[in-house]
Structure formats: C-alpha cells, structure tokens
Amino acid sequence: MSSAIINGKEIGQEIRNSVAERVARLKEQGLTPGLAVVLVGDNQASATYVKNKQKSCEAIGMFSELVKLPETTTQEELLAQIELLNEREDIHGILVQLPLPKHIDEDTVIATIAVEKDVDGFSPVSVGKMMLGQETFLPCTPFGVMKLLEYSGIEIAGKHAVIVGRSHIVGKPMGQLLLQKDATVTYTHSKTPDLPSFTKQADILIAAVGRANFITKEHVKEGAVVIDVGINRDENNKLCGDVNFSDVDGIASHITPVPGGVGPMTITMLLFNTVQAAEYTLASKVQQ
Ligand SMILES: Nc1nc(=O)c2c([nH]1)NC[C@@H]1CN(c3ccc(C(=O)N[C@@H](CCC(=O)O)C(=O)O)cc3)C=[N+]21
C-alpha cells in the first residue's frame with residue numbers, strides 16, 4: 001500500500017483562508033497588514049521565492065513591499081534600510097531573504113530587525129523566547145511542519161522524532177517545537193556515524209539535510225511519518241526533496257511531497273505571523 005500524502009498545498013490554503021479573514025477584519029478597522037521583503041543581490045532562486053511571497057501576500061489582501069538592493073550594498077547601508085523599516089507604521093513584518101552576499105554578516109543583520117516585526121522568527125530574542133516556550137513568532141518552516149502534523153491528526157506526544165540536520169532555521173527549532181509537544185527528540189547531522197541506526201527508530205522523521213534524495217528506505221521504519229523539508233534540484237534540474245520519495249513510498253505511513261509539502265506551508269506561516277504582528281499593533285494602540 002502506498003503512503004498517505006500530506007498535502008501542504010491544501011492544508012496551507014485552508015490556513016490562508018482563515019488568515020485572509022483576519023486581514024479583512026483588520027482592514028475594516030483601517031489597518032492593512034504589510035510585509036517588507038528585503039532582497040540583496042540577484043540570486044535567481046531568491047528572486048523566485050520573493051516573487052512567490054509577494055503574490056501570496058496580495059492574494060489574501062495584504063500589502064507587500066520589495067526592497068531590492070544591489071549585490072554591492074554595504075552592511076551599513078543594509079542596516080540603515082532595516083532601521084527605516086523598523087520605524088515604518090505601514091510595515092508590520094520584515095523578512096530579509098537569506099542567504100546574503102558574503103561580505104555581509106547575517107547575524108548582525110537579523111539582530112537589527114525589530115523583534116515585534118521579526119516574522120521569520122530568526123532574531124536572537126525570538127529564538128530565545130521560543131526556547132523558553134514564551135509567546136513569539138515561530139520560524140515559518142518548523143511552524144508549518146507542526147501545522148501539517150496537527151492537520152493530519154498525527155500524534156506527537158510520546159513519539160520518537162528524529163531530526164536529520166541542525167540548521168538554525170529548520171533543524172534546531174524543529175526539535176524544540178516537537179519537544180514542547182512531548183516528543184522524545186534525537187538530533188542527527190553530517191557527523192553522526194551510522195545514520196540509519198538512528199533514523200530507523202523514528203516514529204516521525206524530519207529530513208532537513210539539503211541533499212537531494214538522501215533519505216532512502218534503509219533509513220525509514222515501517223509506518224513512520226516522513227516530513228521532507230528539502231528543496232533541491234536533481235541532475236535534471238527538477239525540484240526534489242531530501243527524501244527519495246518512490247523508495248520510501250509504501251514504507252512510511254505518511255509522507256510530504258516536494259513540491260506541494262512543506263514549501264507552501266513556509267509561506268503560509270509567514271502570512272500568519274505577519275497578520276499576527278499587525279493585530280498586535282492594533283491591540284497596543286487600543287491600550288494607549
Ligand atoms: N529570510 C528567509 N526566510 C525564508 O523563509 C527563506 C529565506 N530567507 N530564504 C530562502 C528559503 C527558501 N524558502 C522557501 C519557501 C517556500 C518554498 C515553496 O513554496 N516551494 C514550493 C515550490 C516552489 C517552486 O516550484 O520552486 C513547494 O515546495 O511546493 C520554497 C522555499 C523560504 N526561505
């Protein structure tokens with residue numbers, strides 16, 4: 001029997017519909033949620049992602065502004081742009097598209113984004129709050145994975161979740177969110193010896209390695225839920241995940257496809273966080 005497909009496009013659309021209703025309610029109160037996307041340089045992949053993000057904002061009635069800066073932008077110039085956006089009343093969320101050119105220090109840039117506008121959830125304060133289980137913007141990709149599991153009725157408490165990959169934006173926060181829902185979490189990475197001996201124990205396997213078709217049937221336990229966070233290009237330049245889908249199909253109980261799995265959820269949760277940021281500003285105005 002083939003594995004059940006977790007459809008991120010469909011689940012994402014359902015969430016976007018409810019975000020669109022919140023946007024409409026804010027507009028009735030004279031506030032249009034606004035997202036600024038900062039893009040430095042002319043990386044082709046980044047340009048495509050950014051266009052998708054803008055289209056998605058507009059589709060639910062949100063305002064989005066692209067701040068496009070040349071590859072030669074200095075760090076000081078970029079920081080100055082972010083500070084301008086921090087001050088703007090019509091901008092509720094700021095996303096600085098990563099990766100940045102090599103002469104710019106990403107950590108410094110991210111730390112400059114006002115915490116109340118950090119809809120990516122990447123700033124040190126947002127990460128710290130997440131670790132402490134305090135209310136904050138959650139990083140969009142792991143947040144989207146949690147929604148996929150929730151909407152698919154997959155139990156997390158008491159399950160063994162194995163994460164492959166330890167990036168700041170996916171692997172690390174992913175483990176944290178699963179831990180908060182009472183999973184037992186194991187982190188594995190490129191230096192883990194005998195990886196299959198760990199991944200084979202997973203009830204929930206999160207593949208976030210960034211290597212095309214890396215996870216095969218030798219890594220997966222019968223009946224496991226397999227979440228593929230990878231966005232890679234194979235040798236034919238076709239979009240593919242970190243999981244060899246056809247190899248794992250039939251072994252996993254559930255699996256996310258690429259495209260149409262985690263990717264659309266990342267953008268959905270960005271919209272979710274931005275509308276939340278706008279709602280917070282309204283709430284704080286009413287209090288004054
Ligand atoms: N500050 C920052 N925040 C990010 O969230 C961020 C970033 N930088 N840099 C780049 C990565 C990548 N990323 C994706 C989001 C959605 C899809 C997505 O929707 N993918 C579609 C397919 C799109 C296609 O066909 O190319 C899918 O999987 O179905 C992909 C990739 C967000 N990123």
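This is a predicted model: local features need pLDDT of at least 70, side-chain atom pairs count only at pLDDT 80 or more; totals for chains, interfaces and linings use all residues.
Residues are numbered from 1 along each chain as its sequence is written.

Start with the whole thing. The C-alpha trace spans about 55 × 40 × 35 Å along its principal axes. A compact globule of 288 residues would have a radius of gyration near 19 Å (taken over C-alpha atoms; the rule is 2.2 Å times the number of residues to the power 0.38), and the chain agrees, with 19 Å. Of the 288 residues, 41% count as buried, meaning that 20 or more other C-beta atoms, placed from the backbone, lie within 10 Å of a residue's own.

Next, the parts. The chain is divided into domain 1 (32–115) and domain 2 (140–263), with bounds from an automatic or database domain assignment. Their centres, taken over C-alpha atoms, are separated by 28 Å.

Now for the secondary structure. There are ten helices and eleven strands, which are DSSP runs numbered from the N terminus (helices H or I, at least four residues; strands E, at least two). Six strands make an open sheet with parallel pairing, in the order β1-β11-β8-β7-β5-β6; two strands pair if DSSP finds at least two bridges between them. Its edge strands, β1 (4–5) and β6 (184–188), each pair on one side only. For β1, two bridges join it to the parallel strand β11 (residues 254–255), where Ala-4 has His-254 as its bridge partner.

Definitions and conventions
A residue is buried if 20 or more other C-beta atoms lie within 10 Å of its own, exposed if 12 or fewer, and partly exposed in between; C-beta atoms are placed from the backbone.
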